[in-house]
Every structure is written in structure tokens, then in C-alpha cells.
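Work through these exercises with the structure in view. Try each task before you read its solution.

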Amino acid sequence: MEPHADEVVFDGPYFRIYKNGKVDRLHRPLLVAAGVDDATGVVSKDVVLDAGTGLFVRVFLPKVQDQETGKKLPVLVYFHGGGFIIESADSATYHNYLNSVAAAAGVLVVSVNYRLAPENPLPAGYDDSWAALQWAVSAQDDWIAEHGDTARVFVAGDSAGGNIVHEMLLRASSNKGPRIEGAIVLHPFFGGSTAIDGESDDAVPKGSKLWAVACPGAANGVDDPRMNPTAPAGAPALENIGCERLLVCTAQEDWLVARGRAYYGAVAASAWRGSAAWHETEGEGHVFFLRDPGCDKAKQLMDRVVAFISGA
């Protein structure tokens, strides 16, 4: 055994990482079954996409107010956060949040339960997410076929899920589809080996340790372009992201705020022909809207997400 293999290299409130790559998950979220949400009237169901890998999605259908008009709903494919290591589509945190999103925005939501590291290191999570996105757009599911407008597809995610959104946009571009109208990147998990303007002293080592567990085979470590989309060498040109509109959301006290700002700035400054928008919440930390969804600033962020989807 390697000396000090059981040494703790990262000790956080949600998981502990050891030098040998082992992870202790300290955060065991409450899991919630799909069904009818009494508060919003949203109904949800789980659909298994790959029994072999365990890939499934949770689909959320809001109350259809305009059934008589035949108007269909935009389709939002959502990727949860958790550092690629924890969380799931059936946790209470994401189930409740996406019930709210579906109801407030009037969208059909497909929440992706991708495989987690370290048991399934990246690109497994990316590949699962890509498969789920393609499945959603194919409208094989009866809810999507009947109620979803696959000409209006959005992708969204928080933290590691925001990172996944970026990877999905690059894959959509290189594969000439699917067409994605809009992307919402919430407090994205990006990093790099060198601190950038506004980045805290502990952000670089923290991000590096997490990425090493999530993607141990990355040739350039934390400067892998999937983790550092603004890396000086090797990162695909941001002008190639495959969506028409982009909303990047950051929080002032988030340890990742500098990377989110840099991502927005780089996309906006590129030759990308789409429309980029930025929303920053003052005085709040990483994914505060999941921890305290009822607070005023979380409601303001929800309003911004809803407005973006509607095209306002």
C-alpha cells in the first residue's frame, strides 16, 4: 500500500476524500418517490434509460393549463450538482427544486440521474448526460411526445451540473445537434491550476482535489478543458458552444464565483453568435437557492430563470 494512502486530502461537510481515492459520503440526502406534488400540482415519474448502468431520469410535468389550445411546453433537461460525487435526481433537494421550476416556468423537466465518481469516473457522468439529452429530444416518452415542444429545448444545471451543461453544449455543436435554444449555468464548477482574478486562496487546491477524484485520467489535471474551459491551451473555442442563448448565474460569496464570471466574460467576448446574460446574487454562497429556496434572493433567481426561458 502507498504510504499514507489513508491520509485525508479533502474534508468537507458533504464528503471526505482520501489520498488513495476513497470517498466517504457524509451527506445522505432524503430520497423522494416520484408522484404528485400537492403544493404545485406537478406530477413526476421515473424512466430507466439503461438498466445496465442504472441511468434513469425523473420527468416533471406541470399542470397543463392550455390543453384546449394544443400549446406544448418547452423541455428543460437538468443536471444536478454535487461535485460529480454526491446527490441524485431523486433526492428531496432536487425533486423539490424542479417541481418549483416546472410549475413556475411552465416547462417539462427531465432531471438526469447520471453515474457518480469515484466508482464511475468521468466521462461516465458526461456520457450518461448526453444519452439522456438525446433521449429527451427524441420524444420517445409519451409525456414528452404529448406535451413537450422539442423545438424548444433548454439545458440547465448547478455546480457540477453547470459543468455538465458546458460539456453538453460542446457535444451538441460537434455532433451538429440537438438544437438547444438556451442554457442556464448555475454556480458552475470550473477550476484551473493557476488562480484568476477574484479567486480565493483555497479555491485552486480545493477544485484540483475534487477534479482529481472525479476525473483521475485527465491528461492536464485540473486544466483539462472540461474543467477549465478558459485554459490557455487545448480548450475548445467558446464560440462553438451549441446553444442560441446563455444565462450564467453566480453568487458573490461562492468560492467558485470568479470562475463563473470568467466563463461568462470569455463567452461574451468570443465570436459566438448567441446572446449571453449574467446574473449575480449579492451576499450569498454556493447554491444558496437549494438550501433556502424560500428566501427572497432565491425567488429573485427563480424569476430570472423563468424570464430567460420565456425569452424575456
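**Exercise 1.** Sort the lining of the largest pocket by class: how many residues are nonpolar, polar and charged?

*Solution.* Note that this is a predicted model.
- Step 1: Start with the nonpolar class, which has 11 residues in the lining.
- Step 2: Turn to the others. The lining has 8 polar and 4 charged residues.
- Step 3: The largest pocket is lined by 23 residues.

**Exercise 2.** Find the centre of the largest pocket, and say which residues lie nearest to it.

*Solution.* 
- Step 1: Locate the space. The pocket's volume is about 580 Å³.
- Step 2: Pick out the residues nearest its centre. They are Tyr14, Gly82, Ile86, His286 and Val287.
- Step 3: H1 (92-105), H5 (203-214) and H7 (288-291) each give the lining at least two residues.

**Exercise 3.** Work out the strand order of the open sheet of 3 strands.

*Solution.* 
- Step 1: Recall what holds a sheet together. Strands pair through backbone hydrogen bonds, parallel or antiparallel.
- Step 2: Read the order. It is S1-S2-S3, and the pairing is antiparallel.
- Step 3: S1 (8-11) and S3 (23-25) each pair on one side only.
- Step 4: Neighbouring strands are turned by 15° against each other on average, direction ignored.
- Step 5: Look at one pair. S1 and S2 (residues 15-18) are joined by 3 bridges. Val8 has Tyr18 in S2 as its bridge partner.

**Exercise 4.** Describe the chain over the domain that UniProt records at residues 76-289.

*Solution.* 
- Step 1: Take the name from the record. The unreviewed UniProt entry gives "Alpha/beta hydrolase fold-3".
- Step 2: Read the make-up. Residues 76-289 are 36% helix and 19% strand.
- Step 3: Compare the ends. Their C-alpha atoms are 18 Å apart.

Technical notes. Residues numbered from 1 in each chain as written. Predicted model: local features only at pLDDT ≥ 70, side-chain atom pairs only at ≥ 80, totals over all residues. Heavy atoms only, no water. 1 Å grid on protein atoms, 1.4 Å probe; cavity = no way out; pocket = protein on both sides within 12 Å on 5 of 7 lines; lining within 4 Å. Points joined across faces, edges and corners; volume = space filled by probe spheres on them. Helix = DSSP H or I, 4+ residues; strand = E, 2+ residues; numbered from the N terminus. Nonpolar A, V, L, I, M, F, W, Y, C, P; charged D, E, K, R; others polar. Pairing = 2+ DSSP bridges. Axes fitted to C-alpha atoms, helices over the stretch in contact; angles between N-to-C directions. UniProt positions renumbered as here; feature names shortened; annotations may be inferred.
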